[in-house]
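Morning, everyone. Please bring up the model on your screens. I will take you through the salt bridges and then the fold around them.

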Amino acid sequence: MIHPTAIVGGGIAGLAAAFELAKRNAPFTLFEASPRVGGLVRTERADGFTIEAGADSMLAQKRAGLDLCDELGLTPRLIVMKTPRTAFVLHAGRLFPLPAPSM
């Protein structure tokens, strides 16, 4: 008999675990304290600005992150940062650099 797995937290690690268990048709329950899943990864819009927040370095630096994006069909949407690695805010279709050390 297979017992359901409890996943505590709906951040990137919890969602990746849920994705893997779902692929294996393994029962699980995901518990998340906040009203939304995604953890620190999110997109916010304020005063016409689009702000991406979260652990973006995990994707560019970790092969497993890139493989997961590929499996989820997200690879075409990835944006690889080139050096110098500067953080930007998108506003009215233009990127505005944030002062260092915002990255």
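A definition to begin. A salt bridge here is a side-chain nitrogen of Lys or Arg within 4 Å of a carboxyl oxygen of Asp or Glu. Keep in mind that this is a predicted model.

I will go through some of them.

Start with the overall layout. The chain has 3 helices and 6 strands. Along the sequence, the order is β-α-β-β-β-α-α-β-β.

Now, the charged pairs. Find K23 and E20. Their side chains form a salt bridge, with N to O at 3.2 Å. Why can these two pair up? Both sit in helix α1, which covers residues 12-23, and they are 3 residues apart, so about one helical turn separates them. How covered are they? K23 is partly exposed, at 39% relative accessibility. E20 is partly exposed too, at 28%.

Stay with E20. Its side chain also meets that of R24 in a salt bridge, N to O at 2.8 Å. R24 is exposed, with a relative accessible area of 61%. The cut-off for exposed is over 50%, so R24 falls in that class.

Back to K23. Which residue forms a salt bridge with K23 at 2.6 Å? That residue is E71, and 2.6 Å is the distance between the closest N and O atoms. This pair links distant parts of the chain. E71 lies in helix α3, residues 63-71, while K23 lies in helix α1, and 48 residues separate the two. E71 counts as partly exposed, with 44% relative accessibility.

E20, K23, R24 and E71 are linked in a network of salt bridges. On your screen, trace it from R24 to E20, on to K23, and across to E71.

Next, the chain as a whole. Of its 103 residues, 11% are buried. The chain exposes about 8,100 Å². Carbon and sulfur atoms supply 62% of that area.

One more number, on contacts. Take the contacts with a separation of 6 or more. Residues 24 or more positions apart account for 31% of them.

The E71 and K23 pair connects helix α3 with helix α1. That's my part. Thanks.

Key. Residues numbered from 1 in each chain as written. Predicted model: local features only at pLDDT ≥ 70, side-chain atom pairs only at ≥ 80, totals over all residues. Heavy atoms only, no water. Helix = DSSP H or I, 4+ residues; strand = E, 2+ residues; numbered from the N terminus. Buried < 20%, exposed > 50% of the residue type's maximum accessible area, 1.4 Å probe, protein only. Contact = heavy atoms within 4.5 Å. Areas by Shrake-Rupley, 256 points an atom, 1.4 Å probe, with all protein chains shown as cover.
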